[in-house]
Number of protein chains: 4
Amino acid sequence: MIIVLKRNATKEKIEELKGQLMQQGVAVNTWVGQHETVLGLIGDTTAIDIDYIGAQDIVESVKRVQEPYKKANRKFHPSNTVITLPSGEKIGDGELVLMAGPCSVESKEQIIEVAIRIKKAGAKFLRGGAFKPRTSPYSFQGLHEDGIELLLAAKKETGLPIVTEIMSKEDIHLFKDVDIIQVGARNMQNFELLKELGKLEKPILLKRGLANTIEEFLMSAEYILAGGNEQVILCERGIRTFETYTRNTMDISAVPILKKLSHLPIIVDPSHAAGIPWLVEPLAMAGVATGADGIMIEVHNNPKKALSDGAQSLTPDQFDEIAKRIFKAKKAFDSCKKN
Amino acid sequence: MIIVLKRNATKEKIEELKGQLMQQGVAVNTWVGQHETVLGLIGDTTAIDIDYIGAQDIVESVKRVQEPYKKANRKFHPSNTVITLPSGEKIGDGELVLMAGPCSVESKEQIIEVAIRIKKAGAKFLRGGAFKPRTSPYSFQGLHEDGIELLLAAKKETGLPIVTEIMSKEDIHLFKDVDIIQVGARNMQNFELLKELGKLEKPILLKRGLANTIEEFLMSAEYILAGGNEQVILCERGIRTFETYTRNTMDISAVPILKKLSHLPIIVDPSHAAGIPWLVEPLAMAGVATGADGIMIEVHNNPKKALSDGAQSLTPDQFDEIAKRIFKAKKAFDSCKKN
Amino acid sequence: MIIVLKRNATKEKIEELKGQLMQQGVAVNTWVGQHETVLGLIGDTTAIDIDYIGAQDIVESVKRVQEPYKKANRKFHPSNTVITLPSGEKIGDGELVLMAGPCSVESKEQIIEVAIRIKKAGAKFLRGGAFKPRTSPYSFQGLHEDGIELLLAAKKETGLPIVTEIMSKEDIHLFKDVDIIQVGARNMQNFELLKELGKLEKPILLKRGLANTIEEFLMSAEYILAGGNEQVILCERGIRTFETYTRNTMDISAVPILKKLSHLPIIVDPSHAAGIPWLVEPLAMAGVATGADGIMIEVHNNPKKALSDGAQSLTPDQFDEIAKRIFKAKKAFDSCKKN
Amino acid sequence: MIIVLKRNATKEKIEELKGQLMQQGVAVNTWVGQHETVLGLIGDTTAIDIDYIGAQDIVESVKRVQEPYKKANRKFHPSNTVITLPSGEKIGDGELVLMAGPCSVESKEQIIEVAIRIKKAGAKFLRGGAFKPRTSPYSFQGLHEDGIELLLAAKKETGLPIVTEIMSKEDIHLFKDVDIIQVGARNMQNFELLKELGKLEKPILLKRGLANTIEEFLMSAEYILAGGNEQVILCERGIRTFETYTRNTMDISAVPILKKLSHLPIIVDPSHAAGIPWLVEPLAMAGVATGADGIMIEVHNNPKKALSDGAQSLTPDQFDEIAKRIFKAKKAFDSCKKN
C-alpha cells in the first residue's frame, strides 16, 4: 500500500500516522519527494482499511499494490479449483459444462419436460428459479418451496443436479437438497447472505452484480471463501452500461481476467446478459472462445407462455441445435489453444 | 401499452395474441401501418408483464405508456406524503430535515457525543450504522445489536429519533425501537426484505441502488407501499459512472424528477455520493436548491479514528458551521421559489 | 413513429399537430385510449425530427418504430457489403482479415520491419498512426505527413495496403494514396469530417465512439453512406464503463448485432478495447467466435520504446504465434456455424 | 509518479529503466518492499508518458501523484481567471452570467426577437448555433456562415456579445467577429481543433465530452492554454450514464471539483444536461448553489417550430421568470457562503 501525503503534512502528524500503521503489523518506508511525502507499507495489508487511511487529514491519496483478496487470489493458490459434486459432475476441469432450464419453475410437466430435453442435448445441470427477484411487486414471484420440490422431482426423473437461486438467508434450510445454490446479481453484495453461504459445504454459483467491478466480484467470493466454503463458481452475466439495445452488456473480458486473477471456475450467462434469444448463441461462442468453464442458458418448453423472462428463452429444439454447435466449438477451440 | 408486431405476423397469430391480452382485462386496439401492425392496450396494464409480451414470437417491441408503479405515483396521489413520527418530527412538510451521525456506531461515548453535538447544530435525526455492508470480509462489520443498543442510549440522552440500516429480514425484530429503518443501496432490490418492511408501520428510508434507474427505484418503493406501509422516504446517494474522481456521481436531477413522478419525500446523502468531505457542503446546497426534503450527513467525533468511511465524515465543529449555512440557504432558496 | 399525447391535449391542438405531420408526407392514425390519445405515423419517417415532435407541448413521448438509418440498414440491403481494394484484398467476404502495425509510425526502420513481420504472419493490411489523438498536449502527437510517407514506403516494400487515421478534414489531401482511412473513436461524431469522407471513393474504417450507442454508430456510418461513399467498415473497440481493470469494455455483443442490423463489415480492435497485451488473444478469439470480419492488432517491433500505447502492443514474435491460432480458430469456428 | 514493478523484475532491468527515467530529467527513488519494488520519481513528470512507462515489461502499474495538467492547475495559478471581453463583460468575477438563445439560428426575425427578450431578462450573452452537430445526416444542419451573419446582426441590434459553436478548424476564419467560440461536447477531444484555438486571442467555451472524466476535460483545456490562449471557460453539460429518464446526467459535483482543481471559470448548461424544459430551472439552481460562474439556457421564440432541440427550449416568457428567480437565488446563496 502506497500513501501519498498532502504537502502541508507536518513531521509530527507524519510520525503519528506511521506509528498507527506499524501497530497494524506492517513496516513503513518513507520517501520524501519534491512536493510530496510518500509512505510505503511492507507486509500483509489485506486487513488495513483503505478508507480509514484516506480519512487521515494529512493523506492525499492511497493506492493498493496487493489485491485486497487472498483466498480467491491465484497468486496464493496457483492451480485451478475444480468443483466436484457428490454425484460426480465436475466444473472447472477443462470440460465445458452446460447448465440449462427455465427462468421460473412453473409446473411439474414443464420442468420435467425441459429437464429431459436438455439432458438429451448434453446439459449437465438443470437450472430453474423458485424464488424470483422481480422489479415489479405485481409480477409473478416464483413458486418458492413448491418450486424447489418440482426441481427435485425433475432431478429424480433425470438424475441432473439442480441449480437454483436463494434470495434470503432465512430460506437456507429449503436448499438442503439443492446441488448448487445460486446468488443472483442483485444479491452479490448481500453480505449477510454470503456469510451464511460461507458456512455450507455446497457449491455456490455467484453472479456478478450489474454495476460491480471485477475486484468487488472477487471480494464477494472472498466472503464465501473466508467462511470456509471453498466451492465458489463465478458467473459473468452482463453489466449495466449506456447501451440500450441489449438489456446488459456482456463483459467478455471478465472471463480471461478472472481466470488470471483467480483460481475459481467461471461460467457465462448469455441469456441474461443480452435478454435477446438470437444473441444467446454468439455470446455463448464468445464464452467458449475466451475459456469459460461453462455456459448457463435459459430454455423453456413454451417461451411464449413463460411466466418470467420468456423473451430471452430458447425452445428445447433451439437448445438442441445450439448445444451441438457449442460442444463442437469447444473441441475446435481447445485444439487452437496456446499450450 | 403499445405493442409493435413483426412484419411477418400472420392474422391468426395476431388474433391469438389479442385474445390472450383481452383475457387479462384490457381492451385491444389494432392499427395497421405500412410495414407494421401495432396493438394498443386500453385499461389497467400495471399487472401485465412486459417481458411476457416481448416473448411472443410475433412481437417486435413493447412500450409502456403508463408508469408501472401506482401507489408511488403522483398521478394517483397528487398531494405530498408527509411522514410524521410518533415523537412529532415530520419529513416532507416543507421544512428541511437534517439527519446526521457516524457511518458506524463504535462506542457509547462516541455516539452520545455526536448526538449531543448534532442536535445542538439543528439535526432532527441521529443516524448511525450497526450493521455495516463492507466490500471486504476483513473490514469491521458493525456492532450489530449492541450498536442498536448504543443508538437507543443516545436517543434516550438526547431525544433524537434514530435511523439505522437493516441488512437482512431475519434481523427485523432487532429494529423494534428504531424510528426509521434504512435500506442501503446494495439492498434496494432485495425484494424479500422490501416485502417484510411493507408489513411494518414504521418509516422506511430507501436508498437508490448505485446502478438503478429512477423507475426501478420507484418500483422498489412500490414493493413497500404495496405491502401496506405507506411511509417511504427516498434517498439519492449517487450512482456509478465512469468518473473516478468521486466515489459515485450524485444524480441531482433525480430530486426534482422524483418530486414530479412521486408524492414521497426525498432526501440526499452527499457524504456517500462523493466520498469526499469538502464536497459535502456544495452537494448539500445543490440538494437544497433542487427541493430536497432533507440531507443526511456523516459526522464523526474523530473521523481519523472512524472504523468505517471516516474519509468522508465531518467533525462536529465542521457540521455545526455547515448546518448553519444549509438552514440559511434553505430559507433564502424558499424565498426565490416559483409560487 | 408512435406519439403519445398528454392527457390535457385539446382537440384543436391535436388536429393542428396532425396537420403539421401530414404536411411532412406521412399518414396519421389516431387511437383514443382510456387516459391517452396516441398518434401513429404511416410512411417514411426517416426525415421527421423526433426532437421536433417531442417539443410540442401536447406530446408526452415519442417512439420510433423504424430504424432512423436507411442506407446502413440490412432491411433495405439484405446482402453483405464486401469491400474490395484496387489491389484485390477483400473485407467482408467471409475470410478473416488481420490488420496489424504500431500505434504510431516512428521511423522507416520500425515500420518496414513491422510490415515485413506481420505480412509473414498472415496480416493483409498494415496499420499505423501518423496523426495521433493524445489526451495530453505534452505527449508525442505523431509524425503527420512524414508518417504517411513512411507508411507508403512500407507499402512499397511489402505490397501491404495501409490503414491510417485522419483527424481533420483539412488533411484529406494527404490521404490520397492511403488505402483505408480510419476515423478514430473520438471523431465518430465529427460530422464535418464524416461528410467529407462521404465524398471519397475509398474505404473508411469507422471506429465506435467510447460512449456511443450502436444506433448512433450506424447513424455516423449513414453520414458517410449518404454522401455517396458505400465503403464503410465498422470497428468495435470498447466502450467506457465503470470497470477500471481494462481501459475500455469490449462490447462483444455489438458484433452480431451490427451484423444483423447492417450489411456493413465489422472488425474488432482488442488492443484498444483492453489496453492490456495478454488480453489481445482472448478478445480476438471472441471476435472470431461472434463472426467478426477482421481483427486489428497493435504490433510494435520494440513495445518498450514505443512513443505511444506501447503498453498494449505485441511484439512481432507474439503476433506470429497469435495470428496462427486466430486463423486456426477461424477455420474451426466456421465449421461449427449454423448454416 | 510511482511505479510498481513486477515481482520477477531483475536488477539489470530495474537499473536500465531507472537510467531511462533519469534521462528524462527526474530523480528516481527506489523502495524495496516484501513482494514488490517501487520506484518514485521526483521532479516534473508532466512530460513523462504514463503509457510508455506502463509498456515496460517489468512494470506492474503506474500512478501519477501530480496532476498531468499544469497551466489549468490551480496549484500553479491560485487566483481565479477572470475573462474580460473587449466590450467589458466579465466571466468568473463572482457575478453570475446568463447566456441564452436558441439551439439553432433560423431566421433574422427569430434571433433578433430572442436577443431583445433575453437581454431584457438580464442575459449578458446571446448563444445560438450556426453549425449544428446532428446525429442524423437527414436532420437540419444549421445555416453555417449565414447563421453567423444573423448572430452578428442581432449583436448589432442589442449589443449582446455572441457565443457560437465551431465544428471544424477549417471554419475558424468565419468566427473572426464571434465573441466566444464554443467547442461542443463531441469535439472536446478534437485535438487538432483545440490546437488551432490555442493560437487565437479569444475566449473559448469548452464543453465537457459526454464520456470524459474531469481530468480529461482539464487536459483538453490544457491543449488550448498550452497554445498560448489563456481564455478558457469550462462548461458542464451532463455525462452519459445508464439512466434514461434524462438525456444526460448532470454531474453537479464537477462544478466545485473544477473550481478546486483549476482557476478557470465554469458554467453549467442545464438545457442539454437534461433535455427536458421543466428541469432547466432546478438544475440552474443547483449550478448557482454549487458556485457556477454562469448558466447557459436554450430559449426559442417558438419552441414548437424550432428546427433543433425545441423539446428542451424555454419560451422568452418562461426565461424571463426563471432568470428573475436565478438572480435572486444567486444573491441569496452568496449571502450564505462560507467566507
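Predicted model: local features only at pLDDT ≥ 70, side-chain atom pairs only at ≥ 80, totals over all residues.
**View 1. The contact between chain C and chain A.** Chain C contributes 35 residues to this contact, and chain A likewise contributes 35 residues. On the side of chain C that touches chain A, the elements giving two or more residues are helix 7 (254-261), helix 9 (277-289) and helix 10 (316-336) of chain C. By residue class, this side of chain C consists of 21 nonpolar, nine polar and five charged residues. Because 100% of the interface residues of chain C are also interface residues in chain A, the copies meet through the same surface.

**View 2. The contact between chain C and chain D.** Here 42 residues of chain C are in contact with 42 residues of chain D. On the side of chain C that touches chain D, at least two residues each are supplied by helix 2 (50-55), helix 5 (191-197) and helix 6 (214-226) of chain C, and the largest share, five residues, comes from helix 6 of chain C. The residues of this side of chain C divide into 17 nonpolar, twelve polar and 13 charged.

**View 3. The chain A fold and its two domains.** Chain A holds ten helices and 14 strands, and its C-alpha trace spans about 75 × 45 × 40 Å along the principal axes. The chain is divided into domain 1 (2-63) and domain 2 (74-336), and the centres of these two domains of chain A, taken over C-alpha atoms, are separated by 42 Å. Of the 339 residues in chain A, 60% are buried. Among contacts in chain A between residues at least 6 apart in sequence, 65% join residues at least 24 apart.

**View 4. An open antiparallel sheet in chain A.** Four strands of chain A form an open sheet in the order 2-3-1-4, with antiparallel pairing. Its edge strands, each of which pairs on one side only, are strand 2 (27-32) and strand 4 (59-63) of chain A, and the twist from one strand to the next averages 20°. Strand 2 of chain A pairs with strand 3 (residues 37-42) of chain A in the antiparallel sense over six bridges; A:Ala27 has A:Ile42, in strand 3 of chain A, as its bridge partner.

**View 5. Strand 10 of chain B between two parallel neighbours.** Strand 9 (residues 162-166) of chain B runs parallel to strand 10 of chain B, and four bridges join them, with B:Val183 in strand 10 of chain B as the bridge partner of B:Ile166. Strand 10 of chain B also pairs with strand 11 (residues 204-207) of chain B, in the parallel sense over three bridges, and here B:Gln182 has B:Leu205, in strand 11 of chain B, as its bridge partner. In a regular strand the side chains alternate between the two faces of the sheet. Strand 10 (residues 180-183) of chain B is covered on both faces, with B:Ile180 and B:Gln182 buried on one side and B:Ile181 and B:Val183 buried on the other.

Conventions
Residues numbered from 1 in each chain as written. Chains lettered and ligands numbered in written order. Contact = placed C-beta atoms within 7 Å. Domains from an automatic or database assignment. Nonpolar A, V, L, I, M, F, W, Y, C, P; charged D, E, K, R; others polar. Pairing = 2+ DSSP bridges. Axes fitted to C-alpha atoms, helices over the stretch in contact; angles between N-to-C directions. Buried ≥ 20, exposed ≤ 12 C-beta atoms within 10 Å, placed from the backbone.
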